[in-house]
Amino acid sequence: MLPAKNRLRTSKDFVLTTKTGFRATSLSLVVYLKTNPNNPTNASNSSAPLVGLIVNKSVGGSVVRHRVSRQLRHLAATHISSIPTDSRLVIRVLRDQPNYEGELNELMAKVLSKIPVAL
């Protein structure tokens, strides 16, 4: 489970991350990473990385979407330590599958490799 301090909550943060962040895609997932955002919407000014999920109705019914969300939150929590501070990560689910672990690990490696060395 993701700690409360690591949850991406505002729609402005989701839009900023998906429109301007680094992106890595696969058949089932898209991972967006926005590093060091100059975003005044985060009133707490915490340096903890924030993670959010986008699971559309096209993935399945409510039960399926919630199962996928729980699975991805659990997997994302294992990657929190590798995400730079003051960054935002959004995981978009394109389709349902039994296990996302290998795919998410591969996409996280891709998106983290796109970060400039200066960060």
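How do strand β1 and strand β2 pair, in the parallel or the antiparallel sense? Strand β1, residues 22-25, and strand β2, residues 29-35, pair in the antiparallel sense over 4 bridges. Pairing here requires that DSSP finds at least two bridges between two strands. Helices (H or I, at least four residues) and strands (E, at least two) are DSSP runs, numbered from the N terminus.

Before going on, the basis. This is a predicted model, in which local features need pLDDT of at least 70 and side-chain atom pairs count only at pLDDT 80 or more, while totals for chains, interfaces and linings use all residues. Residues are numbered from 1 along each chain as its sequence is written, and side-chain values use heavy atoms, with hydrogens and water left out.

Now the overall layout. The protein chain holds 3 helices and 4 strands, and from the N terminus on they run α-β-β-β-α-β-α. Of the 119 residues, 43% are buried; buried means under 20% relative accessible area, exposed over 50%, and partly exposed in between, with a 1.4 Å probe and protein chains only. The chain exposes about 6,600 Å², and carbon and sulfur atoms supply 54% of that area. Accessible areas come from the Shrake-Rupley method with a 1.4 Å probe, and for residues only the protein chains shown count as cover. A contact means heavy atoms within 4.5 Å. Among contacts between residues at least 6 apart in sequence, 81% join residues at least 24 apart.

Next, the sheet. The 4 strands form an open sheet in the order β1-β2-β4-β3, with mixed pairing. β1 and β3, the latter at 50-55, stand at the edges with a single partner strand each, so one side of each has no neighbour in the sheet. On average, neighbouring strands are turned by 15 degrees against each other, direction ignored. Axes are lines fitted to C-alpha atoms, for helices over the stretch in contact, and angles run from 0 to 180 degrees between N-to-C directions.

Back to the opening pair. β1 and β2 form a hairpin with 3 residues between them.

Which residues have the most contacts inside the largest nonpolar core? They are L29, V31, L72, L89, I91, V93 and L104, in a core of 23 residues. A nonpolar core is a set of buried Ala, Val, Leu, Ile, Met, Phe, Trp, Tyr and Cys residues joined through side-chain atoms within 4.5 Å. At least two residues of this core come from each of β2, β3, α2, β4 and α3. Leaving aside neighbours within four places in sequence, V31 is in contact with F22, R23, A24, L89, V90, I91, L104, L107, M108 and V111. Another core, of 7 residues, lies apart from the largest one and has L8, F14, Y32 and I54 among its members.

On to charges. The whole structure has 3 salt bridges, a salt bridge being a side-chain nitrogen of Lys or Arg within 4 Å of a carboxyl oxygen of Asp or Glu.

R88 pairs with D13, with the closest N and O atoms 3.9 Å apart. R88 lies in strand β4, residues 87-93, and D13 in helix α1, residues 11-20, so to speak distant parts of the chain, 75 residues apart. Both R88 and D13 are buried.

D96 and R67 meet at 2.8 Å, N to O. D96 sits in the loop between β4 and α3, and R67 in helix α2, residues 62-79, 29 residues away in the chain. D96 is partly exposed, at 32% relative accessible area, and R67 is also partly exposed, at 32%.

E106 and K110 meet at 3.6 Å, N to O. Because they are 4 residues apart in helix α3, about one helical turn separates E106 and K110. E106 is partly exposed at 47%, and K110 is partly exposed at 38%.

Last, one backbone detail. D86, in the loop between α2 and β4, has a phi near 55 degrees, a positive value in a residue other than glycine. Most residues other than glycine have a negative phi. D86 counts as partly exposed, at 32% relative accessibility.
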